[in-house]
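Take a moment with the model before reading on.

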Amino acid sequence: MLRHFQNQLNQGAKLLVFQALSAVIIALAWSLIDSPSQGVAFMIGALAVALGQFLQSVVAFTGGLRGAAPWFGRLLLGVLLKWVLVFSIMLAGMKWIAPVPLAALAGLVFSLLVIQLFNYFDAKVKRGS
């Protein structure tokens, strides 16, 4: 079971790297096509969710083996901390987001979509590991 938790932490790190790289590529393209402020706002939105998701993964899958209730508590705490971090980053980046809110929301939605696609294609639980 500990190996399963370690595998989930590794998947969380892979997801963070994948989200960050894809956000940087799209933000650079958006900066070249429209304006640098749009790219920065997209990057803030996307990286806020990426960092929040990684924090959720770390909180949920560390702490050793416990019963279902403590693990569920860690999962809920991770979800709460994820969204607090996302909104804190978005609030801190309001200087760059305020002129172009659509780009920041597009980055946030893009990053949430990447999480779902990553879980669908890559994070399958393999039996026997």
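Is Val84 buried, exposed or partly exposed? Val84 is partly exposed, because its relative accessible area is 44% and that class lies between buried, under 20%, and exposed, over 50% (1.4 Å probe, protein chains only). This is a predicted model, in which local features need pLDDT of at least 70 and side-chain atom pairs count only at pLDDT 80 or more, while totals for chains, interfaces and linings use all residues. Residues are numbered from 1 along each chain as its sequence is written, and side-chain values use heavy atoms, with hydrogens and water left out.

Val84 sits in helix H3, residues 68-92. Helices here are DSSP runs (H or I, at least four residues), strands are runs of E with at least two, and numbering starts at the N terminus.

Now follow the packing of H3. Helix H2 (residues 36-61) packs on H3 at an angle of about 160°, with the axes 8 Å apart. Axes are lines fitted to C-alpha atoms, for helices over the stretch in contact, and angles run from 0 to 180 degrees between N-to-C directions. H2 and H3 are therefore roughly antiparallel, a label for angles over 145 degrees. H2 passes H3 in a right-handed crossing, meaning that the near helix is turned clockwise from the far one by less than a right angle.

H3 also packs with helix H5 (residues 101-121), at about 155° and with axes 12 Å apart. That makes H3 roughly antiparallel to H5. The crossing of H3 and H5 is right-handed.

Next, turn to helix H1, residues 2-33, which holds Gln6. Gln6 is partly exposed, at 42% relative accessible area. Gln6 and Val58 are 52 residues apart in sequence, but 9.9 Å apart in space, C-alpha to C-alpha.

Finally, the whole chain. The protein chain has 5 helices and 0 strands. Its C-alpha atoms fill a box of roughly 50 × 25 × 15 Å along the principal axes. Of its 129 residues, 35% count as buried.

How values were computed. Parallel < 35°, antiparallel > 145°, perpendicular 65-115°, else oblique.
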